[in-house]
Amino acid sequence: VAEALARAAGGWLAAGGGEECAADRELWYSLGASAAIALAVLACAPATRALGLCRRKGDDVWLGALDLESLVSSVPVAVLATASTVYGGATAHERWIGDADAPSNTFAPGADTCGCGAMGVCWLTNVLMVARALGTIPFYFIAEGGLFKKGEGRYLFVAHHLVVAFGLVAAMAMRRGRWYGAAMAVAEWSNPFVSAKQLLQRVPKRQLGLEAANGVLLALTFIGTRLVGIPLLAILFVADRKFALEEAKVPMGVYCAWFFSGIAMFGLSFYWAFPVLASAARKWRKAAAARAKGA
């Protein structure tokens, strides 16, 4: 399914020109997609009000809109990321170079070195990740209380998004290491449950059973994709060091910047793990107590 979507998108994008503008067009696609994500958040704002997700005191319509947009958009991105990670990346050449000598929007069989359309899915994942990172940043500034509202850590979300955008834009510009960007995006599997957690807390009538189930799924995906997945990618990244520097010709400074960007991502995930796991345990206890009281 992911490859079919990638091929459809590739056919539409390919109508815009030839291969001579590959890297530049990736950046333009990302900026255009960022604007589309921002428009999607704007469209979610009235839906957030209509669904009663901003009725509780202190809720902000823009934060609710961000959660609603993320609930919808993070799933297809996670599917694409998983497809590109599993389908490509079997060798260091595929992970670091892939289809660097082919048009970036080529999805035809044999157009890349990772198999039919693998790098096409990878490319599309990177574009969508940059779009989701950049397109949502303005809303953290205009939300009630601003970027540095006490106790919410919104500035950490913006820092997280900027790190993601920096790493992926650099990979697009150099046409190197884009598989790693897609592999990191597998962590998007935890985002639907993060968004659902926030939205369930805003509904007029609390659903303790749903909150408990969502908390368990959030904990499992968060641990699996972020606390386990990112370190495994870091180990593979270090193992590929010689190929990246000597064969793929990645400058040492860029290689180190990518590595420490990954470390920063893991650090933020580790920091957020404690409230995520504590909240999941708390929701489960509340649901169990409610069931016991009902019985």
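1. Over residues 121–143 the predicted chain is 91% helix and 0% strand, with end C-alpha atoms 34 Å apart. Residues 27–47 are 100% helix and 0% strand, and their end C-alpha atoms lie 30 Å apart. Helices here are DSSP runs of H or I of at least four residues, strands runs of E of at least two, numbered from the N terminus.

2. This is a predicted model, in which local features need pLDDT of at least 70 and side-chain atom pairs count only at pLDDT 80 or more, while totals for chains, interfaces and linings use all residues. Residues are numbered from 1 along each chain as its sequence is written, and side-chain values use heavy atoms, with hydrogens and water left out.

3. According to the unreviewed UniProt entry, "transmembrane region" covers residues 27–47, 121–143, 155–174, 215–238 and 258–281. UniProt positions follow the numbering used here, feature names are shortened, and annotations may be inferred rather than shown by experiment.

4. T221 sits in helix α10. T221 counts as buried because its relative accessibility is 18% (buried means under 20% relative accessible area, exposed over 50%, partly exposed in between; 1.4 Å probe, protein chains only).

5. A polar atom of the T221 side chain lies 2.8 Å from the backbone oxygen of L217. Leaving aside neighbours within four places in sequence, T221 is in contact (heavy atoms within 4.5 Å) with W189, S190, F193 and R226.

Key:
A polar contact is a pair of N or O atoms within 3.5 Å; within protein, one must be able to donate a hydrogen and the other to accept it, and residues adjacent in sequence count only if both atoms are side-chain atoms.
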